[in-house]
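Student: I'd like a close look at one part of this protein and at what lies around it. Please go slowly and link the pieces as you go.

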Amino acid sequence: MQLTIENLNWRGEGVSGDQVFRHVLAGEVVESASGRIVLASPDRIDAFCKYYARCGGCQLQHWQLEPYRAWKMDLVQSAFARRGIMTKIDKMIDAHGAGRRRVSLHMRKNEGVVTAGFMAARSHELIDIDRCPILVPMLDSATDIARKLGNRLGDCDVAITAADNGLDVAVKVERKIADEQLPKLAGLVAELKLL
């Protein structure tokens, strides 16, 4: 059975009746069982990230910029209207600059192999990545840093922020492991030039 995507919800997911699909656009025709696109929107473009559609991070890289901006503006306008605030919203200001300054990565160590990346959408499947293209250049080494920490600490979560004076790193790991490894991490922190 084929369905036409009626609109996108606030998460950027395509809605048709009571069904929701990721990585589709309004007006596209999809197979209801698989979500496979049968008829694509003229607003569809190729995503720039090789992990797109597997990684659970980005939702709308497949959409041309102007329709995307109009949708974002409508989200803001609708939020105000639902609260009875009728106002004109000025033009959207793109504030992403050179990319995101913060990233949270998951690490898993299995039989000596450390994987680092993001979880697939709505799952606990870790997608191993080498680099995330939406991050500032200063974070190009983020997954390498996370892997080195994960190699030492095992399963953990690593949050990295690109600050003016370097990389600020916060690691979430079991207390017992942290207590055992903390004295041994100074050398690694110095090697990686972390704050």
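In which strand is I160 found?

Tutor: Happy to walk you through it. This is a predicted model, in which local features need pLDDT of at least 70 and side-chain atom pairs count only at pLDDT 80 or more, while totals for chains, interfaces and linings use all residues. Residues are numbered from 1 along each chain as its sequence is written, and side-chain values use heavy atoms, with hydrogens and water left out.

I160 sits in strand β10, which covers residues 156-163; a strand here is a DSSP run of E of at least two residues, and a helix one of H or I of at least four, numbered from the N terminus. I160 counts as buried because its relative accessibility is 1% (buried is under 20%, exposed over 50%, partly exposed in between, with a 1.4 Å probe and protein chains only). Leaving aside residues up to four places away in sequence, I160 touches R101, R102, V103, L139, A142, I145, L167, D168 and V169, where contact means heavy atoms within 4.5 Å.

A cavity is a set of points on a 1 Å grid over the protein atoms alone where a 1.4 Å probe fits but cannot get out, and lining residues have an atom within 4 Å of a point. By this rule there is 1 cavity of 30 Å³ or more. The largest cavity holds about 50 Å³ of space, taken as the space filled by probe spheres set on the points. Strand β7 (102-110) and helix α2 (142-153) each supply at least two of the lining residues. Sorted by type, the lining has 8 nonpolar, 1 polar and 3 charged residues.

Now for a loop elsewhere in the chain. R122 lies between β8 (113-119) and β9 (126-128), and its phi is positive, about 55°, although R122 is not a glycine. R122 counts as exposed because its relative accessibility is 60%. H23 also has a positive phi, near 60°, in a residue other than glycine. H23 is in the loop between β4 and β5, and at 12% relative accessibility H23 counts as buried.

One open, antiparallel sheet has 3 strands in the order β2-β3-β4; strands pair if DSSP finds at least two bridges between them. In this sheet β2 (7-8) and β4 (19-21) are the edges, each with a single partner strand, so one side of each has no neighbour in the sheet. Strand β3 (residues 14-16) joins β4 over 3 antiparallel bridges, with V15 standing opposite V20 in β4. Another open sheet of 3 strands, again antiparallel, runs β1-β5-β6. Its edge strands, β1 (2-4) and β6 (37-39), each pair on one side only. β1 and β5 (residues 29-31) pair over 3 bridges in the antiparallel sense, and T4 has V29 of β5 as its bridge partner.

Note on methods. 1 Å grid on protein atoms, 1.4 Å probe; cavity = no way out; pocket = protein on both sides within 12 Å on 5 of 7 lines; lining within 4 Å. Nonpolar A, V, L, I, M, F, W, Y, C, P; charged D, E, K, R; others polar.
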